Amino acid sequence: MKFIRYILASLVLVWALGFMWFAIALPQPADGRSTDAVIVPTGGAGRIAQGLAVLDSGLADRMLVTGVDPEVTEEEFATEFDVENARMECCVTLGFRAVDTRTNATETADWVEKNDVQSLRLVTTDWHMRRAAGELDRTLPSGVEVVRDAVPSHPSLASLFLEYHKLIASSVAGLFGF
């Protein structure tokens, strides 16, 4: 019985320390390295604007916005984010297949392979970065470099708590090949 209590106490301690690390050491914006493409999963404030800024600054030649609502048209997107038609045609792809972080990674991997991308900049919210990057690592073709470019935010404790558990579940699923 003491052994079981020791194991449970150890698990609780590891969980608590992990959560503190997760909440305190949120990923940061990336440096000025260039990549072939920028990938932006929808769902968080500032993500698309930062992705477009990367594109506009020449740090990437093209951008995939993954997880776009199927009802959104390219024209609506361009108007909402003040993107010129020429920029949309040459450099911005809207992905409509993804509905969550895992399918964002699948949609991204397909696009990366189709477009012969060797390096990409993942732009997502700081609290979402670890899980999104983990899903990408499991789905991208080997040899694709991923630069993590976090959008700073001020998440609530509840948001961090939920995302920490999603990260744990995603990591465990990845370990067992789910």
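Trainee: Why does Ala 150 count as buried?

Mentor: Buried means under 20% relative accessible area, exposed over 50%, and partly exposed in between, with a 1.4 Å probe and protein chains only. Ala 150 has 0% relative accessibility, so the residue counts as buried. This is a predicted model, in which local features need pLDDT of at least 70, side-chain atom pairs count only at pLDDT 80 or more, and totals for chains, interfaces and linings use all residues. Residues are numbered from 1 along each chain as its sequence is written, and side-chain values use heavy atoms, with hydrogens and water left out.

Trainee: Which residues is Ala 150 in contact with, leaving aside neighbours within four places in sequence?

Mentor: Contact means heavy atoms within 4.5 Å. Among the partners of Ala 150 are Pro 27, Gln 50, Thr 124 and Met 129.

Trainee: What makes Leu 8 partly exposed?

Mentor: The relative accessible area of Leu 8 is 48%, and therefore Leu 8 is partly exposed. Leu 8 also belongs to a nonpolar surface patch, together with Met 1, Phe 3, Ile 4, Tyr 6, Ile 7 and Leu 11.

Trainee: What makes a set of residues a nonpolar core?

Mentor: Such a core is a set of buried Ala, Val, Leu, Ile, Met, Phe, Trp, Tyr and Cys residues joined through side-chain atoms within 4.5 Å. In the largest one, of 20 residues, Met 63, Phe 77 and Val 92 touch the most other members. Its largest share, 4 residues, comes from H2, a helix (a DSSP run of H or I, at least four residues, numbered from the N terminus). A second, separate core has 17 residues, including Ala 105 and Met 129.

Conventions
Patches are made of residues with over 30% relative accessible area and no salt bridge: like charges are joined within 9 Å, nonpolar side chains (Val, Leu, Ile, Met, Phe, Trp, Tyr) within 5 Å. Accessible areas come from the Shrake-Rupley method with a 1.4 Å probe; for residues, only the protein chains shown count as cover. A salt bridge is a side-chain nitrogen of Lys or Arg within 4 Å of a carboxyl oxygen of Asp or Glu. Helices (H or I, at least four residues) and strands (E, at least two) are DSSP runs, numbered from the N terminus.
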